[in-house]
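Welcome! Let's take a walk through this structure together, one step at a time.

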2 protein chains.
Amino acid sequence: MTVSHGGQTGRCASTALSADVVRRLDVLKVQSSPVSAMANITKKVSWSGRGEEGTPLLNGSEEVKYTRQDAVRSKPKEIPHNEKLLSLKYESLDYDNIENHLFLEEERRMGHMSFRCLEISRWVICGLIGVLTGLIACFIDIVVEKLAGVKYVVVKKSIDKNTEIGGMCISLILWAALNSAFVMVGAIIVAFFEPIAAGSGIPQIKCYLNGVKVPRVVRLKTLMVKVCGVICSVAGGLAVGKEGPMIHSGAVVAAGVSQGRSTSLKKDFKIFEYFRRDTEKRDFVSAGAAAGVSAAFGAPVGGVLFSLEEGASFWNQLLTWRIFFASMISTFTLNFVLSIYHKKTGELSSPGLINFGSFDLKSVKYNIYEIPLFIVMGAIGGLLGALFNVLNYWLTIFRIRYVHRPCLQVMEAMLVAAVTATVSFAMIYFSNDCQPLETQKSSEDYSLQGFCADGEYSAMATAFFNTPERSVRSLFHSPAGTYKLETLGCFTLVYFFLACWTYGLTVSAGVFIPSLLIGAAWGRLFGIMLPYIALNPSVFTDPGKYALMGAAAQLGGIVRMTLSLTVILVEATGNVTYGLPIMLVLMTAKIVGDYFIEGLYDVHIKLQSVPFLHWDAPATSHSLTAREVMSSPVTCFNRVEKVGTIVDVLSNTSTNHNGFPVIIQTAASEEPGKLCGLILRSQLIVLLKHKVFVERARSRLRQRKLQLKDFRDAYPRFPPIQSIHVSQDERECMMDLTEFMNPTPYTVPQDTSLPRVFKLFRALGLRHLVVVDDDNRVIGLVTRKDLARYHLGKHGLEELHLAHT
Amino acid sequence: MTVSHGGQTGRCASTALSADVVRRLDVLKVQSSPVSAMANITKKVSWSGRGEEGTPLLNGSEEVKYTRQDAVRSKPKEIPHNEKLLSLKYESLDYDNIENHLFLEEERRMGHMSFRCLEISRWVICGLIGVLTGLIACFIDIVVEKLAGVKYVVVKKSIDKNTEIGGMCISLILWAALNSAFVMVGAIIVAFFEPIAAGSGIPQIKCYLNGVKVPRVVRLKTLMVKVCGVICSVAGGLAVGKEGPMIHSGAVVAAGVSQGRSTSLKKDFKIFEYFRRDTEKRDFVSAGAAAGVSAAFGAPVGGVLFSLEEGASFWNQLLTWRIFFASMISTFTLNFVLSIYHKKTGELSSPGLINFGSFDLKSVKYNIYEIPLFIVMGAIGGLLGALFNVLNYWLTIFRIRYVHRPCLQVMEAMLVAAVTATVSFAMIYFSNDCQPLETQKSSEDYSLQGFCADGEYSAMATAFFNTPERSVRSLFHSPAGTYKLETLGCFTLVYFFLACWTYGLTVSAGVFIPSLLIGAAWGRLFGIMLPYIALNPSVFTDPGKYALMGAAAQLGGIVRMTLSLTVILVEATGNVTYGLPIMLVLMTAKIVGDYFIEGLYDVHIKLQSVPFLHWDAPATSHSLTAREVMSSPVTCFNRVEKVGTIVDVLSNTSTNHNGFPVIIQTAASEEPGKLCGLILRSQLIVLLKHKVFVERARSRLRQRKLQLKDFRDAYPRFPPIQSIHVSQDERECMMDLTEFMNPTPYTVPQDTSLPRVFKLFRALGLRHLVVVDDDNRVIGLVTRKDLARYHLGKHGLEELHLAHT
């Protein structure tokens with residue numbers, strides 16, 4: 001009762017495809033041979049003439065025809081990361097509850113009080129997530145500050161000792177060596193222990209919240225590596241921020257706490273077992289991400305909006321409140337611990353880690369004639385952001401192709417660290433922007449004399465030598481005249497390219513703060529230049545305001561968030577007056593930037609060939625129907641199925657499907673069966689592992705009873721089918737799937753338009769959607785990849801290809 | 001091919017029901033006779049033993065059996081508004097696109113550019129919504145201020161003239177008469193012209209966004225009456241705010257602008273025709289409501305969150321941005337116009353209408369030991385809010401039963417106005433809280449000397465005689481010692497009962513500001529009392545902070561919003577530091593309040609028996625399946641149906657159904673047909689109106705071609721079936737529904753659990769969900785009422801009854 005599928009739909013199509021792929025690969029000057037590229041493509045659904053192919057072949061009993069055309073000849077790592085491909089390696093999360101008999105029985109047994117207890121547990125978990133995320137954020141912040149302080153003292157001493165030119169070289173080398181050492185440690189743990197911890201983590205969390213199971217992204221090991229990695233890279237003086245990693249950390253904490261156990265540590269606390277499924281876990285991960293944002297920026301509302309913007313499909317009020325609660329607790333914990341650390345125990349009013357400082361109440365005014373200026377700044381931010389993204393895109397392509405060995409990656413990271421130090425040093429050396437040193441400077445300011453006269457300090461050195469957060473604050477709030485035009489111009493230029501080079505290195509590092517810093521620099525530049533070109537110079541006295549707008553524009557141009565970013569910036573600056581201009585700036589930046597290239601996170605998601613579902617189906621896709629979109633023919637099981645058949649289907653590596661419709665055979669055995677349920681690979685694996693089958697002769701006997709607990713214990717790391725031994729005798733046994741399958745899977749008729757299918761799939765967070773004909777017979781299956789394939793390109797609707805990468 | 005349904009499911013059930021209803025009505029001491037109550041109940045689905053009744057009766061050709069048991073004897077207005085009933089008079093909005101052939105053809109014809117143009121139109125419409133909403137808010141604000149100013153001058157003159165006791169009576173009478181006159185005008189236009197304009201409008205908008213079509217709620221006339229009404233009631237000195245009506249106004253503006261025509265004015269601009277359907281209209285109404293919040297509180301982000309909290313089911317990023325844009329433009333317009341009005345053209349930093357004033361930077365600190373105090377305040381707010389809601393609930397029941405004639409309603413409103421004036425006057429008279437008049441008082445302050453010595457002013461008079469917004473600001477920001485303990489205590493007590501009495505009068509008026517005022521008063525009282533009971537009185541020097549928390553607690557206790565309210569308050573006070581305490585306070589208030597009674601808006605929605613869908617199905621409802629929930633048997637049509645049959649079904653007033661599955665008859669005529677589509681009453685009406693049918697003999701001929709335009713022109717006020725004349729000859733014609741029906745309606749199998757059905761229904765905003773058996777044959781239909789019926793009561797799952805009210 002099982003048939004092959006998923007292989008080639010026919011020799012012709014396959015050949016046409018490979019020619020097509022070769023052409024594409026040629027364009028990208030791919031290093032691998034066409035043959036290996038062909039071998040990597042297992043599925044191609046030709047664009048036209050597919051409507052007639054949907055005839056179900058459910059009754060055949062042919063053997064699986066899997067022709068692995070050729071062994072992969074070139075190294076697998078050099079597979080071209082073509083953005084026209086969708087990887088098949090990513091599984092989906094199932095946001096739809098598997099409402100099988102076991103589940104319904106449990107739900108029906110539960111009284112009103114049990115549900116209330118569950119609800120309370122959810123709040124408790126969210127509280128825990130908030131506390132832990134806040135503590136981790138504190139830890140990162142305090143350790144980074146300590147390390148940066150030590151480094152500052154060492155380098156400053158060296159500079160003070162060696163003021164002549166020859167001596168400066170020693171300081172430079174010392175500085176570069178220190179930075180490289182920090183970065184080396186950070187890069188090594190990432191590259192060798194947990195490569196998924198590289199980067200900001202936001203693209204990965206975005207994918208996870210979108211419903212893609214990114215392997216290892218929410219594991220304890222990832223968290224460890226991420227935290228240590230980000231401390232090293234920030235302390236190493238790279239042009240990076242620590243905010244993205246905090247968001248990722250929050251998500252990992254959430255995924256861990258909510259399950260009440262650690263699979264890595266092999267420790268099961270036997271609590272929260274009810275939450276051991278994708279639906280609940282994803283909700284908690286949303287809360288974790290929000291708590292991370294909240295800790296990083298002191299922006300609880302912004303955190304909630306971030307989670308919603310990135311992850312939500314179905315807005316649920318109660319869930320939103322829990323997310324809000326987690327965010328709130330996270331900010332609270334952070335503020336409380338920091339207030340103890342800063343010896344002001346109990347003063348909770350300092351907002352978050354990134355305190356950009358409040359703007360003076362007198363200076364927070366703006367006038368209507370400034371609105372066009374803000375919009376122009378938004379446009380500049382959009383352009384610069386697009387440039388940043390394009391450069392980083394090329395760089396990433398280059399890295400994927402040539403810098404894929406861990407040792408190479410570590411060396412690149414060290415190189416960047418050394419170059420960053422050298423360039424900064426050179427800038428400080430050649431800059432002549434000396435400012436009088438004020439006596440009431442707080443001890444926290446790392447102002448450097450540099451090459452200025454005594455009693456003065458170098459503005460350039462202050463900009464480069466500080467932590468990026470402090471530099472941003474200085475750019476926002478320093479009185480007019482603190483920075484010279486040339487200083488800001490050079491700084492913008494240099495930091496722009498440094499940050500662009502840095503993002504995508506094999507270190508844990510975020511892009512928020514560098515973007516803000518670049519933007520604040522050119523924004524202040526813009527503000528300083530205004531009086532020179534304006535008719536009435538006296539009105540443009542405060543460049544700090546423009547620094548803020550520039551920061552917003554640049555960050556918006558790079559990451560293209562709007563609503564959540566507005567709120568985050570408003571909360572981080574502690575003032576709502578600039579809300580309106582910030583919104584305008586972010587919107588302009590997004591519109592301008594989107595004209596050229598997508599946001600940075602989306603670029604990276606695309607380069608990973610992740611089947612990411614956007615909010616809506618492409619506008620012009622009404623001409624497609626479920627019949628054309630679905631995967632077909634589809635492997636089905638009978639309600640009572642032979643164990644051997646199940647094992648064979650699951651072991652078939654060519655069709656690595658995870659969901660199988662269950663059908664009832666009708667009297668007329670010619671006809672395909674009617675749909676009566678849906679069962680997942682993971683469920684079958686658990687059933688096989690527990691040997692839940694009966695001998696054929698005694699199929700009336702009750703098979704071994706499984707509990708929901710057995711499934712929950714195995715979640716989420718279900719063993720592969722290869723690890724389960726099934727003897728030849730057992731292969732002849734039968735397995736009754738009735739109790740375990742989901743008896744009411746969502747279905748659509750075959751004529752349903754793609755937008756309609758998409759809406760159903762996206763709104764409910766489905767993993768498999770069964771396509772049936774008028775008689776309720778299975779004719780196909782729609783999965784995430786089938787929908788993510790279509791996108792609106794320059795020339796109308798385009799289709800991505802599926803590939804094993 | 002049509003069968004009766006929806007009447008009684010059997011004599012037995014009906015009798016059981018009526019007994020049940022009588023018992024319930026007795027409890028409520030209902031005035032109408034049991035017979036009339038029975039006549040009003042048309043449908044009762046008994047709780048148990050319904051599983052077997054689902055057998056489809058689709059093939060019968062029985063005539064419709066409609067037995068109107070008795071003429072309704074008692075006046076229809078006196079129907080008991082029992083919260084255990086669900087009214088059948090409300091239709092649903094259809095958030096699901098009707099993807100019939102016409103629609104798909106149009107979509108397929110449209111190129112990429114057309115979709116882009118549509119998207120731009122959407123933004124333009126949102127911009128217009130923002131501008132118009134902002135202007136209306138300005139208009140209301142300025143007119144109220146002018147009128148209040150005139151009133152102030154007149155009364156002040158009178159008081160100044162007649163300071164002796166006898167003369168005071170003249171002033172009192174003058175004041176009361178002025179107020180009553182204003183309120184009379186406001187009440188008359190509401191009671192006689194547009195009763196739906198009564199109240200804050202937020203419950204109605206909540207229902208609309210939830211998907212319930214509340215009649216006349218988004219009409220131009222409603223807007224007119226609302227605007228004039230709110231001006232009159234605020235100017236009339238009632239304990240009301242103007243914020244709720246502004247939100248309603250925004251929604252009406254949105255519904256009007258987005259359709260490109262006014263049905264009331266019979267003016268069609270022939271633009272935005274694409275948006276003439278429920279899906280698009282509801283999106284715009286969300287934007288309008290958000291723009292209203294944004295204008296009222298100067299809180300664009302709060303507005304977006306309000307819309308989402310109240311209305312969203314499927315969170316869509318693009319839609320959210322458009323809503324945000326509308327909010328932003330609204331605040332901008334308002335600020336710009338007000339800046340001109342206040343002669344500071346172009347200064348945009350003043351936030352919104354309700355500027356609660358920024359807190360001094362030095363005073364915005366709070367400490368960890370204050371957190372428990374805030375939580376206690378939240379609990380008090382929750383208790384007081386619950387008390388408010390309970391009192392208002394009883395009052396509303398009383399009003400529904402006894403005060404339902406328009407003239408009575410006007411008289412009650414006038415009475416309240418007179419009492420408000422008298423009580424205020426008495427309070428001022430008996431209060432001895434005299435404060436020294438400061439010379440630098442701004443001209444805007446209406447400080448009254450009252451009965452104080454020269455050079456002093458009466459604090460009580462200031463609190464009562466100001467607009468509530470000003471009083472709130474004064475309570476937040478006046479330095480410690482401005483108000484005496486007794487003043488605040490009396491004020492809280494009196495204003496609480498006045499506000500409670502006022503809400504629900506037949507005038508346009510909101511409850512936000514009165515709630516804030518009550519809360520601010522007792523919050524300040526709390527703050528003043530703290531030093532007396534604290535061990536270390538010196539730390540509690542600023543009662544303004546506690547006034548803010550009290551305001552939040554009281555408002556939260558009454559309306560039970562959390563996320564959006566936090567953001568609104570943060571934006572209205574212009575400071576994010578208090579974000580965390582406000583959240584805590586609101587959460588506590590909600591938890592405490594929910595223990596006793598629902599939020600005020602929900603209470604009123606329930607009293608209207610609106611079939612409101614909450615976020616999730618009741619937790620313990622897994623034991624119910626679609627088969628038990630659905631309405632059955634269901635009226636179906638054939639693909640090609642006799643006109644007479646259609647007219648008969650539509651004319652049947654007992655089964656006022658709006659959606660009809662379309663079926664194909666299988667060969668074996670015994671069997672019920674298979675589902676092939678779904679058609680709406682409104683579509684059939686348009687088809688009948690355009691006489692889209694062919695004679696039976698020539699059914700092969702093409703019937704008249706209808707365009708989507710014909711449907712859009714008829715939207716949203718489809719004529720009733722009675723207005724369409726169909727001759728006897730025409731009754732014999734046939735109508736081909738194939739092109740017009742939705743060929744791919746969403747379906748569920750009959751065993752689907754209620755939560756699963758609910759989730760599908762809610763997430764996609766459906767209006768009809770077809771329940772099918774294994775062979776895809778229609779066996780039932782789930783509508784909003786079938787789902788809204790179930791709710792979690794004190795004794796587990798309860799079921800509401802459906803009634804024609």
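What share of the 805 residues of chain A count as buried? In this predicted model, the figure is 55%. Chain A is built with 28 helices and 18 strands. If you look at its contacts between residues at least 6 apart in sequence, 80% of them join residues at least 24 apart.

Now turn to the place where the two chains meet. Here 71 residues of chain A are in contact with 70 residues of chain B. On the chain B side, several elements give two or more residues, including helix H3 (101-109), helix H4 (112-161), helix H19 (563-573), helix H20 (579-596) and strand E13 (747-749) of chain B. The largest share of that side comes from H11(B), with nine residues.

Helix H12 (residues 370-402) of chain B packs with helix H16 (residues 485-502) of chain B, their axes 9 Å apart and at an angle of about 40°. Because of that angle, H12(B) is oblique to H16(B). The crossing of these two, H12(B) and H16(B), is right-handed.

Which residues bring the pair together? From H12(B) come Phe388(B), Leu391(B), Asn392(B) and Leu395(B), and they meet Phe496(B), Cys500(B) and Trp501(B) in H16(B). This contact of H12(B) with H16(B) comprises six nonpolar residues, one polar and no charged.

Conventions: Residues are numbered from 1 along each chain as its sequence is written. Chains are lettered from A and ligands numbered from 1 in the order in which they are written. This is a predicted model: local features need pLDDT of at least 70, side-chain atom pairs count only at pLDDT 80 or more; totals for chains, interfaces and linings use all residues. Helices (H or I, at least four residues) and strands (E, at least two) are DSSP runs, numbered from the N terminus. A residue is buried if 20 or more other C-beta atoms lie within 10 Å of its own, exposed if 12 or fewer, and partly exposed in between; C-beta atoms are placed from the backbone. Two residues are in contact if their C-beta atoms, placed from the backbone, lie within 7 Å. Axes are lines fitted to C-alpha atoms, for helices over the stretch in contact, and angles run from 0 to 180 degrees between N-to-C directions. Angles under 35 degrees count as roughly parallel, over 145 as roughly antiparallel, 65 to 115 as roughly perpendicular and the rest as oblique. A crossing is left-handed if the near helix is turned anticlockwise from the far one by less than a right angle, and right-handed if clockwise. Ala, Val, Leu, Ile, Met, Phe, Trp, Tyr, Cys and Pro count as nonpolar, Asp, Glu, Lys and Arg as charged, and the others, Gly among them, as polar.
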